Amino acid sequence: MANKTQRKVSVSKIFQTVIHCALISASGMGKRCRMSEIRFFVDLYAGFLFTGSAREAVVIQSVQIMRLLEVLEAEGFVSIEKEGAQTYYAITTACHVNLLTEMLSTDQRLPMEEVIFLNYYITTYRRLFFVGGQELQEADRKLIGDLMEPGRFVERQIALLDEQIHKIEARKTDYAKIRAFLDREDVAKLSITEKIQQLPLGPNIPQTYKKSLRDVLAELPEPLRQREIERGFDQRLQYFYVPYLRSLINERGLLTSLLPDAG
């Protein structure tokens, strides 16, 4: 019986990653596998991937695994075979290629724990696809070789991270210009309305929907408008963008350390 502190959760993107890797691991050395083998790898990967991510134990339910298996069966990637009381799952090499492509060709920045996990997975299981009887077509062998080339996945995540760093650096610069403007002696003599009208709102300052930020600020009640001008911009710069940029730069350093030739 499950522990009372365990919680049921929907199949999120990171849960799919765990299940997909488990399917590949459980079926990588043979044609078929049982739910018990899939369950072993799901629990193994979830056990260290979600360590410390919640106060309660995070559990991927068997029904969630079955849901994904049924989707893959409908797509022709998995065959579900019953032999007496035992159910076997025949997971094709085409399924392996499909799952790896989905996980490793993403154009989105992934959470750091997922990047570290997938880098571990690539490092650990890359040889699985070139030894142990994998019947890969030459095109698929090349695709998997490219997808799982050491460092390639991390390099792509670094490139995506660099784009984010560039955006936040530009935003930080524009916020710094606003702060410098509001700190000027001649500006201090202006009314709140005049300050709003003259704010140097650079292209990287987030605007509001439909109306310009300047118009929205002018329409705020006086206490809110005054607070935004006197403290809002400065606090967003000091307590959000500056530490956020620092965290992104630190994250980049960690990702760089994962590259094969690092150190």
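Figure 1. Ile-80 stands opposite Tyr-89 in E3. The model shown here and in the other views is predicted. Strand E2 covers residues 78-83 and strand E3 covers residues 86-91. Six bridges join E2 to E3, and the two run antiparallel. Val-78 stands opposite Ile-91 in E3. Two residues separate the strands, which form a hairpin. Gly-84 sits in the turn, with a positive phi of about 65°.

**Figure 2. The open sheet.** Three strands build an open sheet, and their order is E1-E3-E2. The pairing is antiparallel. Strands of a sheet pair through backbone hydrogen bonds, either parallel or antiparallel. Strand E1 (32-33) and E2 stand at the edges. Each of these two has a single partner strand, so one side of each lacks a neighbour in the sheet. Two bridges join E1 to E3. Here Arg-32 stands opposite Ala-90 in E3.

**Figure 3. Overview of the fold.** The protein has eleven helices and three strands. From the N terminus on, the elements run α-β-α-α-β-β-α-α-α-α-α-α-α-α. The protein has 263 residues, and buried residues make up 38% of them. Among contacts with a separation of 6 or more, 68% come from residues 24 or more positions apart.

**Figure 4. Helix H5 against helix H7.** H5 spans residues 112-125 and H7 spans residues 152-183. Their axes come within 9 Å and cross at roughly 160°. An angle over 145 degrees counts as roughly antiparallel. H5 and H7 are therefore roughly antiparallel to each other. On the H5 side, the contact holds Val-115, Leu-118, Asn-119 and Ile-122. On the H7 side, these residues meet Phe-153, Val-154 and Gln-157. By class, the contact has five nonpolar, two polar and no charged residues.

Figure 5. How many disulfides does a search of the whole structure find? The search finds zero. A disulfide is a covalent bond between the sulfur atoms of two cysteines. The cut-off applied is a sulfur pair within 2.5 Å. The cysteine sulfur closest to that of Cys-33 is in Cys-95, at 9.8 Å, too far for a bond. Cys-95 is in no disulfide, and its nearest cysteine sulfur is that of Cys-33. Are these cysteines buried or exposed? Cys-33 is buried, with a relative accessible area of 1%. Cys-95 is also buried, with a relative accessible area of 0%.

**Figure 6. Lys-13 in helix H1.** Helix H1 covers residues 13-27, and Lys-13 is placed in this helix. Lys-13 counts as partly exposed, because its relative accessibility is 40%. In sequence, Lys-13 and Leu-110 are 97 residues apart. In space, their C-alpha atoms are 9.9 Å apart.

**Figure 7. Glu-37 in helix H2.** Glu-37 belongs to helix H2, which covers residues 35-49. Its relative accessibility is 24%, so Glu-37 counts as partly exposed. Glu-37 and Ser-25 are twelve residues apart in sequence. From C-alpha to C-alpha, Glu-37 and Ser-25 are 8.8 Å apart in space.

**Figure 8. Glu-70 in helix H3, with Ile-80.** Helix H3 runs over residues 62-74 and contains Glu-70. Glu-70 is partly exposed, with a relative accessible area of 43%. Ten residues in sequence separate Glu-70 and Ile-80. Their C-alpha atoms are 8.5 Å apart in space. Ile-80 is the residue that stands opposite Tyr-89 in E3, as in the opening view.

Definitions and conventions. Residues numbered from 1 in each chain as written. Predicted model: local features only at pLDDT ≥ 70, side-chain atom pairs only at ≥ 80, totals over all residues. Heavy atoms only, no water. Axes fitted to C-alpha atoms, helices over the stretch in contact; angles between N-to-C directions. Helix = DSSP H or I, 4+ residues; strand = E, 2+ residues; numbered from the N terminus. Parallel < 35°, antiparallel > 145°, perpendicular 65-115°, else oblique. Contact = heavy atoms within 4.5 Å. Nonpolar A, V, L, I, M, F, W, Y, C, P; charged D, E, K, R; others polar. Buried < 20%, exposed > 50% of the residue type's maximum accessible area, 1.4 Å probe, protein only. Pairing = 2+ DSSP bridges.
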